[in-house]
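Student: I have a new structure to read. Please show me how to go through its features.

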Amino acid sequence: MLHLVMGLSMIAMIWPWGAAVPAAARIVIFMMSTGWFAVRAVWTPRGRALPVFFATATGTMVWMGASTPGHASAGGHSGMDMAGMGHAPVGCAGWASALLGGYLVLAGVWWVGRGMRVGGLSTATTDAVGCPLDWSALCHGVMSAGMGIALLAMA
């Protein structure tokens, strides 16, 4: 359920009809998600890397929601209007967006590599049966890269 709500919130951020959803609602959703994953990272006895990644990714979405000053579609821009993507932040905010965006793009590359099992491939096992895809990791990679690209576009 959490993934569904977060996914809908992310879609609302970039589509023009998303301007009807208050930014505060999206920020609260992502803050609660960040808290959930942070608690999971603390209380997980081992394998903290995944909940830490999800906590940082949802924390980055809090940043994205809070750092967009307005809605691009309300500003009268032509072309690709994105509801939550206002004017690019300047100064430290721009650098923070660039760093967080770069982090998410690099994490996306890692997730896609994990999903395609690139590290475990050898020349002898290149068929689909010997090397099945991890669709969950591929989806996380695409989402992470997409969020990172959106942040880099803001920077």
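**Reading the model**

Student: Where is Ala137 placed?
Tutor: Ala137 sits in helix 5 (residues 135–154). Helices here are DSSP runs of H or I, at least four residues, and strands are runs of E, at least two, numbered from the N terminus. This is a predicted model, so local features need pLDDT of at least 70 and side-chain atom pairs count only at pLDDT 80 or more, while totals for chains, interfaces and linings use all residues. Residues are numbered from 1 along each chain as its sequence is written, and side-chain values use heavy atoms, leaving out hydrogens and water.

Student: Why does Ala137 count as buried?
Tutor: Buried means under 20% relative accessible area, exposed over 50%, and partly exposed in between (1.4 Å probe, protein chains only). Ala137 counts as buried because its relative accessibility is 1%.

Student: Which residues is Ala137 in contact with, leaving aside its neighbours within four places in sequence?
Tutor: Contact means heavy atoms within 4.5 Å. With those neighbours set aside, Ala137 touches Trp111, Val112, Arg114 and Gly115. Trp111 is buried too, because its relative accessibility is 4%.

Student: How many aromatic pairs does a search of the whole structure find?
Tutor: Rings of Phe, Tyr and Trp (its six-membered ring) pair if their centres lie within 6.5 Å; planes under 30 degrees apart are stacked, over 60 edge-to-face, and the rest tilted. The search finds six pairs. Phe37 and Phe54 make a tilted one, with 5.3 Å centre to centre and 40° between the planes. This pair links distant parts of the chain: Phe37 is in helix 2 and Phe54 in helix 3 (residues 49–67), 17 residues apart. Both Phe37 and Phe54 are buried. The Trp110 and Trp111 rings have centres 5.2 Å apart and planes at 75°, so that pair is edge-to-face.

Student: Which residues form the aromatic cluster?
Tutor: One cluster holds Phe37, Phe53, Phe54, Tyr103, Trp110 and Trp111.

Student: Where does UniProt place the feature "transmembrane region"?
Tutor: UniProt positions use the numbering here, feature names are shortened, and annotations may be inferred rather than shown by experiment. The unreviewed UniProt entry gives residues 14–37, 49–66 and 86–112. In the model, residues 14–37 are 67% helix and 0% strand, with end C-alpha atoms 24 Å apart. Residues 49–66 are 100% helix and 0% strand, and their end C-alpha atoms lie 26 Å apart.

Student: Where is Trp15 found?
Tutor: Trp15 lies in the loop between helix 1 (2–14) and helix 2 (23–43). Trp15 counts as partly exposed because its relative accessibility is 45%.
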